[in-house]
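Please look through the sequence and the model shown here.

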Amino acid sequence: MAADFSHPHAAHMRLLAFGPDDAEELTSWADLVNAVSAADAPWSPPETPSSAEGYFRHGWDGEPDSPYLALDGDRVVGWGAVAASDYDNLDLAWLHVAVHPAHRRRGLGSAILAGLLEEAVRRGRTSVGVDAWESEAADGFAARHGFERKHSAINRRQVLADVDWAGLEKQYDEALPHAADYVLERWPFPTPDERLEELAVMAASINDAPLGDLDYEDEVFTGERMRAYEVARSGRGQRMYRMMAIHRPSGELTAQTVVAVSGEDPTWADQHDTSVVRSHRGHRLGLLLKTEMLRWLAEAEPRLQTIDTWNAESNQHMIGVNEVLGYRVLGRELAYQRSLRPAGSTQE
C-alpha cells in the first residue's frame, strides 16, 4: 500500500511512497517519466506500467529503488527515489530527482531532494550521489545543493540496420589471430548453480571501468548476487544473452558481454556489462565478443532494431570498440556527489 512521506520544507507538496503493487501510482510514474524524457532525452524508450512494476519490484539485481511521487494537491509534478545497496558501498545512497517540464522552476526539485536526503540520513548513509542529463540547469541545481560534478557517461545507440557488416567482418578476422588461445561460447541463462561463483569472479573485472572522481568502492560480486541479477532480469520480462570468452589452456572465464532484450517491445535492447579480466586483456576479446553477440541476436531476435549502451566518457578503449560497431552518441549524463557529514567531522 502506498504511504505518505512529507517534509517540512515542502509544505505545498508531499512525497507519496509507492511500490510495485500500486497500479495507479505505477501508471502515473510512467506518464511522468515519459514527459520528462520528451523534454530531456527524447531518444529514450518509453516506460509503461508493466516496465515500472518490474523495475520497482526487482531493481538491477534484487535491490529495487525506493520511489516517491511528488504531488501538488492531486497533481503529479515530479518523482524521486533512493537507491542504497547492502552488497557494497554501505555509506552511499544514490538519489534520483525529476520534475515534470510543466512544473519546473518552482522549487519542487529542491523540495523532493530535501525529502530524499532525509531518507538517506535515516538509513545511515553519509554520502549521496545524483545524476542528470547534461544541462546548465543540472549544474546549477547540483551546485546550489552542495554537489560536485564527479563523472560523465555517454549514452550511445547502435541501429542494427546501419551496421557495416563487411567492415565489421574485416575487423573480426583481423582480431582473431590475437585470440587464438580463447574460445567464444553462448552462455546459458540462467547460469547453472555450480558455475555462479566462477561467473562472479570474472564479472568483478567490471570494477576496472573508469568512474571519474566518484568516491565509490569496488562492487562485491558473489554467486548469490549473480543469481539475483538473473532473477531480476527474468522478473522484468527481459530476454538475456551472454557471450563468454574462455581461455583454452586453463578453462578460465576471461571475458563477457551481456545484452538484455525487452520482452514488452523486442525492437530494442540494452547493453549490460562488457568486461575482460585484467590478465587477459590485449587480445581484442571485446570486439570479438560483441560481434559474436550481434550474430546471435540476428538469429534469436529478428525484430531487434536498436541496442543502447553507456560508457564512461574516459573509457576510450570501449568507446573505440563501440564506434567500430556503429554506435552513435545520444546524450551525456553527469553524476554529482556530496557528503552528508557535518563540516569538520571525521569518520571513526
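Leucine 289 is buried, with a relative accessible area of 0%; buried means under 20% relative accessible area, exposed over 50%, and partly exposed in between, with a 1.4 Å probe and protein chains only. This is a predicted model, in which local features need pLDDT of at least 70 and side-chain atom pairs count only at pLDDT 80 or more, while totals for chains, interfaces and linings use all residues. Residues are numbered from 1 along each chain as its sequence is written, and side-chain values use heavy atoms, with hydrogens and water left out.

Leucine 289 belongs to helix H8. Helices (H or I, at least four residues) and strands (E, at least two) are DSSP runs, numbered from the N terminus. Which residues touch leucine 289, leaving aside its neighbours within four places in sequence? They are Leu184, Met243, Met244, Ala245, Ala255, Gln256 and Thr257, where contact means heavy atoms within 4.5 Å. Valine 258 is 31 residues away from leucine 289 in sequence, and their C-alpha atoms are 9.5 Å apart in space.

H8 has 16 residues (285-300), which should span 22 Å at 1.5 Å a residue, and its end C-alpha atoms are 22 Å apart, in agreement. The expected span is 1.5 Å times one less than the number of residues. H8 is mostly covered, as 12 of its 16 residues are buried. Among them are Leu285, Lys290, Glu292 and Trp296.

Next come some points of backbone geometry. Most residues other than glycine have a negative phi, and most peptide bonds are trans. Arginine 284 is not a glycine, yet has a positive phi of about 60°. Arginine 284 sits in the loop between strand S11 (268-276) and H8, and is partly exposed, with a relative accessible area of 40%. Arginine 105 also has a positive phi, of about 65°. The loop that holds arginine 105 runs between strand S5 (92-99) and helix H3 (108-122), and arginine 105 is exposed, at a relative accessible area of 83%. The peptide bond from phenylalanine 189 to proline 190 is cis, with omega near 5°. Proline 190 lies in the loop between strand S8 (182-187) and helix H6 (196-203).

Another loop, between H6 and helix H7 (223-235), contains glutamate 219. This glutamate 219 counts as partly exposed, at 27% relative accessibility. Leaving aside neighbours within four places in sequence, glutamate 219 is in contact with Asp88, Asn207 and Arg225. Glutamate 219 and asparagine 89 are 130 residues apart along the chain, while their C-alpha atoms are separated by 7.4 Å.

Last comes the chain as a whole. The protein chain has 9 helices and 13 strands. With 348 residues, a compact globule would have a radius of gyration near 20 Å, and the chain has 21 Å, which agrees; the radius is taken over C-alpha atoms, and the globule rule is 2.2 Å times the number of residues to the power 0.38. Along the principal axes, the C-alpha atoms fill a box of roughly 65 × 50 × 40 Å. Buried residues make up 46% of the 348 residues. Of the contacts between residues at least 6 apart in sequence, 71% join residues at least 24 apart.
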